[in-house]
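Q: I would like to learn how to read features from a model. Can we take them one by one?

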Amino acid sequence: YWWLFVIMAFPVMGCVLYYFIEVFPNSRESRKAEKAARAVAKAWDPERTLREKVADLESCGSVENRVQLARACINSRMYADAASLYRSCLNGVYESDPEIRFGLASAHLLNGSHSEALAIAQKLRETHPAFRTAEVGMALAKSHEGAGNLDAALAEYKVLADTYPGEEGRWRYAALLARLNRGADAQDVLHRMLRNAERMPGHYHEAQGEWLKLARQHLQA
């Protein structure tokens, strides 16, 4: 209640203080401001996190520190280094760790090593069928597509069109249908994307803007 006394004593300044102390930190604008601040910090020193993770690994060569450095390498587009770090973790009790194996598959996929990514993702699905089912499915689909196994990729994307969070699964399914000269089917999926987005709140449009933009561009082409 003390805010009432502040606002009554100083109407304008009290309201301003109340907004920035009580309301703004939990608002959508605050989250945007924090995101912008992180982007600015990264622009000024894009390799800071990478250097910090290298220092952590030099201090302690644990599996956890190697995984953290591998993730930092991926963020810095050092995919081959990330793959090497993930691979170095697959020993002893961590030999079958699904998180590490998924990280290795992702690093290979980003590096364009589709056959390696495919083999790891297939094995991961066999041994841990309940682990990150949608994400593993996306890794398999992308790996199949990159390796030229288009029918297998299409089968994976068809499932992901209904199960993958957001619109990426539907977009990739439609894109591959179009690539296979199934334009009418591709358009049906794209229209479904846009109809689905119409029912969603604004933050969904913001988060899925890349895929929705691609869908509109394809339909207008």
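This is a predicted model: local features need pLDDT of at least 70, side-chain atom pairs count only at pLDDT 80 or more; totals for chains, interfaces and linings use all residues.

Q: What is the secondary structure of the protein chain?

A: Helices (H or I, at least four residues) and strands (E, at least two) are DSSP runs, numbered from the N terminus. Here the protein chain has 14 helices and 0 strands.

Q: What span should helix α7 have, and how far apart are its end C-alpha atoms?

A: The expected span of a helix is 1.5 Å times one less than its number of residues. Helix α7 (residues 98–110) has 13 residues and should therefore span 18 Å; its end C-alpha atoms are 18 Å apart, which agrees.

Q: What lies at the start of α7?

A: The feature to look for is a polar contact, a pair of N or O atoms within 3.5 Å; within protein, one must be able to donate a hydrogen and the other to accept it, and residues adjacent in sequence count only if both atoms are side-chain atoms. At the start of α7, a side-chain oxygen of Asp97 comes to within 3.0 Å of the backbone nitrogen of Glu99.

Q: How many residues of α7 are buried, and what covers them?

A: Buried means under 20% relative accessible area, exposed over 50%, and partly exposed in between (1.4 Å probe, protein chains only). In α7, 11 of the 13 residues are buried; among them are Arg101, Phe102 and His108. Contact means heavy atoms within 4.5 Å, and the cover of these buried residues includes α5 (63–75), α6 (79–89), α8 (114–127) and α9.

Q: How many aromatic pairs does a search of the whole structure find?

A: Rings of Phe, Tyr and Trp (its six-membered ring) pair if their centres lie within 6.5 Å; planes under 30 degrees apart count as stacked, over 60 as edge-to-face and the rest as tilted. The search of the whole structure finds 1 aromatic pair. Phe102 and Phe131 form it edge-to-face, at 6.2 Å centre to centre and 70 degrees between the planes. Phe102 is in helix α7 and Phe131 in the loop between α8 and α9, 29 residues apart.

Q: Is His144 buried or exposed?

A: His144, in helix α9 (residues 133–147), counts as buried because its relative accessibility is 9%.

Conventions
Residues are numbered from 1 along each chain as its sequence is written. Side-chain values use heavy atoms; hydrogens and water are left out.
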